[in-house]
Amino acid sequence: RRVHTNVQLHTAEQPWRPERGTGVDESEASKKRLNLEKVRELLEHITPDTKDALLKVFIENKVYETPFLSQIISLIFDKAVEDPTFCSLCADICQQLTEEEMILNKCNISNVRNAILVRAQEAFMTKNQDEFVKKKKIEIDSEEDENKKVEMETELIEAQTSSGCGNSETLR
C-alpha cells in the first residue's frame, strides 16, 4: 500500500539556468565556443553541393579576421585529415578563403594561409617527434649498460622538453 503525501519543494528566486548564448553580455570564451561550434556544425554538412554555400557563410562572417582563426583552420584541417574524401573540398575552401582575404585586404599576406601552414607544421613536427621518441625508446630498451641507459633516458627527456626534438626546420 502506498502513502501519498504532498511534499512542497523549495524553489529559488533566481534559479540556475544553463548558458544559451543569447545574452547581450557574452564573455569572449562563450563567443569563441559558439563560433567554433557553428563552424564544426557547418563542416558536418559539407558535400560537393554544399561547399559553395559553406564558403559563402565563411566569407560573410569574415572568418579570416577572427581572433580564433587558428582554431577554425584546425577544425578544417582535422576534417580533411580524418576523412580523405573531404580533403579536396577543405583544400578548396581554404584556397578560396585565402584568395578572398587577399582581394579584400589588397595585399599578398594571408592570415588564412599562415594559419594553414602553422597547423600543417604542428602536425608534421608532432609526427616527427613521435617517430624520434619511438626510435630512442627502442635504443634505450636494447642498451645493456645501466649507466648508459639512464643517460640515454635523460637525453630523451631533455629532447622532449626542447622545441621540436632538435628539429627546428620550418615549413616555407
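Trainee: How many residues does α4 have, and what distance does α4 reach from its first C-alpha to its last?
Mentor: This is a predicted model, so take each value as computed from it. α4 has 19 residues and reaches 27 Å from first C-alpha to last. That is close to the 27 Å expected at 1.5 Å a residue.

Trainee: Which residues of α4 are buried?
Mentor: Leu 89, Cys 90, Ile 93, Cys 94, Leu 97, Thr 98, Glu 101 and Met 102. As for the spacing, start from the general rule. An α-helix has 3.6 residues a turn, so residues three or four places apart point the same way.

Trainee: What covers the buried residues of α4?
Mentor: The cover includes α2, α3 and α5. Take Leu 97 as a case. Beyond its neighbours within four places in sequence, Leu 97 is in contact with Leu 55, Phe 58, Ile 59, Val 63, Tyr 64 and Val 112.

Trainee: Glu 101 is on that buried list. Is Glu 101 buried or exposed by its relative accessible area?
Mentor: The cut-off for buried is under 20% relative accessible area. Glu 101 has 1%, so Glu 101 is buried. Its contacts, leaving aside neighbours within four places in sequence, are Tyr 64, Ser 110, Asn 111 and Val 112. Glu 101 and Arg 113 are twelve residues apart along the chain, and their C-alpha atoms are separated by 9.7 Å.

Trainee: Now α3. Which residues of α3 are buried?
Mentor: In α3, Leu 69, Ile 72, Ile 73, Leu 75, Ile 76, Lys 79 and Ala 80 are buried. Look down the axis of α3: these buried residues fall within an arc of 155°, so they line one face of the helix. On the other side of α3, Val 81 and Glu 82 are exposed. As for its span, α3 (residues 69-82) has 14 residues and reaches 20 Å, close to the 20 Å expected at 1.5 Å a residue.

Trainee: Which residues touch the most other members of the largest nonpolar core?
Mentor: First, the general idea. In soluble globular proteins, nonpolar side chains tend to be buried together. Here the largest nonpolar core has 24 residues, and Phe 58, Ile 72, Ile 76, Ile 93 and Leu 97 touch the most other members. α1 (28-44), α2, α3, α4 and α5 each supply at least two residues of this core. α3 gives the most, with six residues.

Trainee: Where is Lys 51 found, and what is Lys 51 in contact with?
Mentor: Lys 51 is found in helix α2 (residues 51-60). Lys 51 is buried, with a relative accessible area of 12%. Neighbours within four places in sequence aside, Lys 51 is in contact with Leu 89, Asp 92, Ile 93 and Gln 96. Ile 93 is also among the core residues that touch the most other members.

Trainee: And Lys 149: where does Lys 149 lie?
Mentor: In helix α6 (residues 146-161). Leaving aside neighbours within four places in sequence, Lys 149 is in contact with Ile 140, Asp 141 and Glu 143. Lys 149 and Lys 137 are twelve residues apart in sequence and 10.0 Å apart in space, C-alpha to C-alpha.

Trainee: How many disulfides does the structure hold?
Mentor: A disulfide is a covalent bond between the sulfur atoms of two cysteines. The structure holds zero disulfides. Cys 87 is in none, and the nearest cysteine sulfur, that of Cys 90, is 7.1 Å away. Cys 87 is partly exposed, at 38% relative accessible area. Cys 107 is partly exposed too, at 30%.

Key
Residues are numbered from 1 along each chain as its sequence is written. This is a predicted model: local features need pLDDT of at least 70, side-chain atom pairs count only at pLDDT 80 or more; totals for chains, interfaces and linings use all residues. Side-chain values use heavy atoms; hydrogens and water are left out. Helices (H or I, at least four residues) and strands (E, at least two) are DSSP runs, numbered from the N terminus. Buried means under 20% relative accessible area, exposed over 50%, partly exposed in between (1.4 Å probe, protein chains only). Contact means heavy atoms within 4.5 Å. The expected span of a helix is 1.5 Å times one less than its number of residues. The arc is that of the directions from the helix axis to the C-beta atoms. A disulfide is a pair of cysteine sulfur atoms within 2.5 Å. A nonpolar core is a set of buried Ala, Val, Leu, Ile, Met, Phe, Trp, Tyr and Cys residues joined through side-chain atoms within 4.5 Å.
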